[in-house]
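Hello,

Here is the structure I promised to hand over. My notes follow below it.

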Amino acid sequence: MKKQNSKMKLFALITLILVGCSELFPQWQPTPNDTLKSITILPENKVVFKVYAPEAKDVKLGGSDIPANLIGKMIKSDIGVWETTVGPLEPGAYRYNFVVDKVTVMDSRNPITSESNMNSWSMMYLPGKDFMELKDVPHGALSEVTYFSKSLQRFRRMHIYTPAGYEANSEKYPVLYLLHGAFDCDDSWGTVGRAGIILDNLIAEKKAVPMVVVMPAGHTGPFSFSAISSATRPKTDEFVLDFNNDIKPYIEKNYRVLLERENTAIAGLSMGGAHTLSIAIPNLAEYAYFGVFSSGILGIVKMWNSPDTNEPTWEEQNKELLVKDDLKKDLKLVWFATGKDDFLIETSRASVNLLKKYNFNVTYKETTGGHTWNNWRDYLNEFAQLLFK
């Protein structure tokens, strides 16, 4: 009888718990979002985007590198799913989001993301370019590393690629410092830039030498165009101080990298290209290779936001270094590339001409396209094959 009473009490307790839970957590109801496929790739490189927002009045597709004429208003179906088709698009990685009644949201049905300087994005990949396809080859590691910057007196983050086999051997490797642009962060080269995959494929095909690739955070505070666009950039800025005094020494202490000039390269896109010049030119004895993608000496060409000033120009600030021909003797590669539709094309041309004026042997190419990751992935693929050989 006691055992029966205990069972009845236990049953009553479970019943009370279940009743209470049903009040706290109403019964789940299925919706079209449960099985929604938010990204569908169609033939001819067209892409269908979908999002479930049954109560929304207006939904738009936002995007990075998706042509502006292809993003915008989405159409709502009878079941509350908003949809739009864009394309054709070039093969590559694309950041996107949804603007639901003027509120920007990420795609809850897609776990693939990419960070930028201003926010995070959902991301999709459209296959079609062999050099950046995920293949059955040995893969390196892409690590997120936190370090303390003594220059800035705070913790900072960078991403570091080590080639396949790095953990299993004691070899030392050449190093490429790879810098991002104004609207990006240290995550960007590894996600939307597909840097690790590009290097994996090049190394597996013996088109590139195994190397460590360091992708630091180029922003040290709130972003503003005035901080990077002036012809009178200061001789050093916070990022350059952090790079020279903290980032590079950290890598040389904690990673097995070769320290000689001929084993050290630096490159960057847009703002990172300007940073590359600000680091490489004053320290030319440390770098045998530098690359500038879609950039140059920011402010060398008057632009809409360039302030008028009587301060020395970049050329005047660096004149003493530019004239030292002995440092150019063992400089193996100065490489520039910019798209013909890029708003910085004249900046690139003027920068190349200035360096040639001081006897730099510059390789310069103009490609199709504009200021987009579709170009920067191509540039990395080509630049990496020229290093450390």
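Strands E1 and E2 (residues 46–52) pair in the antiparallel sense over 4 bridges. Pairing here requires at least two DSSP bridges between two strands. Strands (E, at least two residues) and helices (H or I, at least four) are DSSP runs, numbered from the N terminus.

Before the rest, the ground rules. This is a predicted model, where local features need pLDDT of at least 70 and side-chain atom pairs count only at pLDDT 80 or more, while totals for chains, interfaces and linings use all residues. Residues are numbered from 1 along each chain as its sequence is written, and side-chain values use heavy atoms, with hydrogens and water left out.

Back to the sheet. Lys46 in E2 is the bridge partner of Leu42. The sheet is open, has 4 strands in the order E1-E2-E6-E5, and pairs antiparallel. E1 (39–42) and E5 (75–76) are its edges; each has a single partner strand, so one side of each lacks a neighbour in the sheet.

Next, the helices. H2 (residues 195–204) packs against H8 (residues 373–384) at about 35°, with the axes 10 Å apart. Axes are lines fitted to C-alpha atoms over the stretch in contact, and angles run from 0 to 180 degrees between N-to-C directions. H2 contributes Ala195, Ile198, Leu199 and Leu202 to the contact (heavy atoms within 4.5 Å); H8 contributes Arg377, Leu380, Asn381 and Ala384. That set divides into 6 nonpolar, 1 polar and 1 charged. Nonpolar covers Ala, Val, Leu, Ile, Met, Phe, Trp, Tyr, Cys and Pro; charged covers Asp, Glu, Lys and Arg; the others, Gly among them, are polar.

Now the interior. A nonpolar core is a set of buried Ala, Val, Leu, Ile, Met, Phe, Trp, Tyr and Cys residues joined through side-chain atoms within 4.5 Å. Buried means under 20% relative accessible area (1.4 Å probe, protein chains only). The largest core has 39 residues, and Phe290 and Phe360 touch the most other members. Helix H4 (residues 238–254) gives the most to this core, with 5 residues. A second, separate core has 35 residues, including Tyr161 and Leu333.

Last, Val175. This residue lies in strand E13 (residues 175–179). Val175 is buried, at 2% relative accessible area.

Best wishes

How values were computed:
Buried < 20%, exposed > 50% of the residue type's maximum accessible area, 1.4 Å probe, protein only.
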